[in-house]
Amino acid sequence: MEAAHRMIAQSSLEAKTQELVRIRVSQINGCSFCVGLHSQDALAAGEDPQRLHLLPAWREAAVYTDAERAALELAETATRLADGGRVDDETWERARAHYDETQLAALISLIAAMNAFNRINAMVRQPASPWTHPRREQASRG
C-alpha cells in the first residue's frame, strides 16, 4: 500500500489535487484519521484552508478548478459504487478532458488506495486524535 502511495505521489497528478481527492474520499467513508492526516498534508503543500473547509460542498463552491472538479466527481462516484451507482460515460469524459492516461491511472489508483486505507483504518479502529504527522515524526528522528 505504501509503495502505491509513493508511486501516486511521484506521478504528474498535481499534489493539491491528490490531497483533495484523499480528503474527499475519506470524508465520504467517515475515516477521521485519514481526513486529519491528509488535511495536514494539504496545508503543508500550500493548500488554502478555505478550500479544505468547503470540500464537502465542492459542487457549490467556486474555489475549485474544472480539473479538480472532474477529479472529485470521479472520486465520489467511484467511492459510492456500493450505493448502486457506476462511473458513467459523462464522468469519464470530464476526467479525460483534464488528465492524460498516466494521470488518470494515478487518479484511479489513488481513489482505490484511499478506499482501501479508509477501510483498513475502520477495521482496526484507528482513531483521529491530536498527533504529529507520522511521516514528519519519522523524518525528524532521522
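Two residues are taken to be in contact when heavy atoms of each lie within 4.5 Å. On this criterion, in the predicted model, Val87 touches Leu74, Thr77, Ala78, Leu81 and Trp92, with residues up to four places away in sequence not counted. Val87 is placed in the loop between α5 and α6. Its relative accessible area is 16%, and because the threshold for a buried residue is under 20%, Val87 is classed as buried. The C-alpha atom of Val87 is separated by 9.3 Å from that of Glu73, a residue 14 positions away along the chain.

Of the 142 residues in the chain, 40% are buried. Among contacts with a sequence separation of 6 or more, 66% are accounted for by residues 24 or more positions apart.

The buried set includes the charged residues Glu68, Arg69, Glu73 and Glu76, together with Ala70, Ala71, Leu72, Leu74, Ala75, Thr77 and Thr79. The packing partners of the buried residues of α5 are α2 (15–29), α4 (49–54), α6 (89–96) and α7 (101–123).

The packing of α5 with α7 was then characterised. In general, a pair of packed helices is described by the angle between the two axes and by the distance separating them. For α5 and α7, the angle is about 45° and the axes lie 10 Å apart. The arrangement of α5 relative to α7 is therefore oblique, and the crossing of the two helices is right-handed. On the α5 side, the contact is formed by Ala71, Leu74, Ala75, Ala78 and Thr79, and α7 contributes Leu107, Ile111 and Asn115. By residue class, this contact consists of six nonpolar and two polar residues, with no charged residue.

How values were computed. Residues are numbered from 1 along each chain as its sequence is written. This is a predicted model: local features need pLDDT of at least 70, side-chain atom pairs count only at pLDDT 80 or more; totals for chains, interfaces and linings use all residues. Side-chain values use heavy atoms; hydrogens and water are left out. Buried means under 20% relative accessible area, exposed over 50%, partly exposed in between (1.4 Å probe, protein chains only). Helices (H or I, at least four residues) and strands (E, at least two) are DSSP runs, numbered from the N terminus. Axes are lines fitted to C-alpha atoms, for helices over the stretch in contact, and angles run from 0 to 180 degrees between N-to-C directions. Angles under 35 degrees count as roughly parallel, over 145 as roughly antiparallel, 65 to 115 as roughly perpendicular and the rest as oblique. A crossing is left-handed if the near helix is turned anticlockwise from the far one by less than a right angle, and right-handed if clockwise.
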